[in-house]
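Subject: Handing over the structure

Hi there,

Here is the structure I promised to pass along. Please have it open while you read the notes that follow.

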Amino acid sequence: MPSLPVSRRTLLAGAAIAGAMTQIRQAAAETQKVLTPASATDIASLPRVKVQLVDPPFVHAHEQVATGGPKIVEFEMTIVEKKITLDADGATYWASTFNGTVPGPLMVVHEGDYVELTLINPDTNELMHNIDFHSSTGALGGGGLTQVNPGEKTILRWKATKPGVFVYHCAPPGMVAWHVVSGMNGVIMVLPRDGLKGRDGEAVTYDKVYYIGEQDFYVPRDAAGAWKTYDSPGESYEDTLAVMRTLTPTHVVFNGAVGALTGDNAMTAKVGETVAFIHGQANRDTRPHLIGGHGDYVWATGKFNNPPERGLETWFIPGGTAGLMVYTFEQPGIYAYVNHNLIEAFELGAAAHVVVEGAWNDDLMTQVLAPSPI
Ligand SMILES: [Cu+2]
């Protein structure tokens, strides 16, 4: 994609940017014309299911093994530009969000299903947005067909042909990085129709699932070192871009703020429960680690046609990728789920908690001697 020089003026004029994308829109439209008659499935005959999305870290109810054949799964997301608070220090940021949360909601479908997304950009917003699904095929992942100015909506349908967990993100021409690091990203999980399988073909199932969206933020400071604040996303653009170009985030957080998944908002589980952790990072590499536990089954790069790794301590997720880890808890306690670049975890914010209830297993761990004088 060509990189367009974007001045403040053009940034604020969504129509001008949309005009610059006419060629891509036309190319995408041509592609659609070619593909539509070749569709092997009669879309009108497929059952339709409307899914109500929920805020992360929670995931909407879904089947792990699909019953019946392919269907059209309808989702709706409203884009919300909003000022959010990132930490207890009071750093604020003009986030661009899918459905009002950072990250956007997690969607679940099965391989062979069609995703039909209604994307709404209310006229209360300032910017043009779109959506690029890494899991889809063609037209910049849908980005070329979904550019919506404030006051517009669009509907995109695509077939889920590749099983895995995949990032989706906003990708407006010339401003892709800014929108992605402003929170406009999420994950979709495309499950195999017969569910997850281990290396030997054994079924891998989970009792509950959490979605952790890791986000790097680049918040400008003033000359005195205090966090700068702005009245609109457009006003923050040039300063934010300058911090982004240092490649040094001021915050690396889970679910939109330092502490968003700790304390009262901690994830929960019971001993014996199997929990799936989906971890997305749309922009930057990360290395999740569950302190005191393991990754029993890990698809670090998140693609279910590849066998999972077993018993991992830490797994690497390249930027622009989602991963899935499945773990059965064996001990009670408070587990920290972190990005094991520990500076990012404990200095910049990328840490969550899992509170696990149940009976302690002395065989797995015993305090033989409590700390006491030598
Ligand atoms: Cu956007």
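Let me start with a question: is Leu140 buried or exposed? Leu140 is buried, because 21 other C-beta atoms lie within 10 Å. The cut-offs are as follows: a residue is buried if 20 or more other C-beta atoms lie within 10 Å of its own, exposed if 12 or fewer, and partly exposed in between, with C-beta atoms placed from the backbone.

Before going further, some housekeeping. Residues are numbered from 1 along each chain as its sequence is written. This is a predicted model, in which local features need pLDDT of at least 70 and side-chain atom pairs count only at pLDDT 80 or more, while totals for chains, interfaces and linings use all residues.

**Confidence**

The protein chain has an average pLDDT of 92, and 89% of the residues score at least 70; pLDDT is the predictor's confidence in each residue, from 0 to 100. Over residues 1–24 the pLDDT is below 50, and this stretch has 34 contacts in the model beyond near neighbours in sequence. Two residues are in contact if their C-beta atoms, placed from the backbone, lie within 7 Å. Residues 33–38 also stay under 50 in pLDDT, and for them the model has zero contacts beyond four places in sequence. Where pLDDT is low, the predicted coordinates should not be read in detail.

**Backbone geometry**

Back to Leu140: this residue sits in the loop between β6 and β7, and its phi is positive, near 55°, although Leu140 is not a glycine. Ala139 is placed in the loop between β6 and β7 (152–159) and has a positive phi of about 50°, again in a residue that is not a glycine. Ala139 is buried, with 21 other C-beta atoms within 10 Å. There are cis peptide bonds to look at as well. One runs from Pro56 to Pro57, with omega near 10°, and Pro57 is in the loop between β1 (48–50) and β2 (72–85). Another joins Val102 and Pro103, with omega about 0°; Pro103 is in the loop between β3 (92–98) and β4. For context, most residues other than glycine have a negative phi, and most peptide bonds are trans.

**An open sheet of four strands**

Helices (H or I, at least four residues) and strands (E, at least two) are DSSP runs, numbered from the N terminus. Two strands pair if DSSP finds at least two bridges between them. Four strands make an open sheet with mixed pairing, in the order β4-β9-β8-β6. At the edges are β4 (107–110) and β6 (132–133), each of which pairs on one side only. Two bridges link β6 to β8 (residues 164–169) in the antiparallel sense, and Asp132 has His169 in β8 as its bridge partner.

Met189 belongs to β9 (residues 185–191) and counts as buried, with 26 C-beta neighbours inside 10 Å. Leaving aside neighbours within four places in sequence, Met189 is in contact with Leu106, Val108, Val165 and Ile278. Met189 and Ser135 are 54 residues apart in sequence and 8.8 Å apart in space, C-alpha to C-alpha.

**Positions annotated in UniProt**

An unreviewed UniProt entry places the feature "binding site" at His129, His134, His169, Cys170, His179, Met184 and His340. UniProt positions are given in the numbering used here, feature names are shortened, and annotations may be inferred rather than shown by experiment.

Where do two of these fall in the model? His169 lies in strand β8 and counts as buried, with 27 C-beta neighbours inside 10 Å. Not counting residues up to four places away in sequence, His169 touches Asp132, Val180, Met184, Asn185 and Ala282. Cys170 is in the loop between β8 and α4 (176–181) and is buried too, with 29 C-beta neighbours inside 10 Å. Beyond its neighbours within four places in sequence, Cys170 has contacts that include His129, His179 and Met184.

**Strand β19**

Why is β19 (residues 321–328) largely enclosed by the rest of the structure? Seven of its eight residues are buried. Eight antiparallel bridges pair β19 with β15 (residues 274–281), and Gln281 has Thr321 in β19 as its bridge partner. β17 (residues 295–299) is joined to β19 by three bridges, also antiparallel, with Tyr297 opposite Val326.

Happy to talk any of this through.

Best wishes
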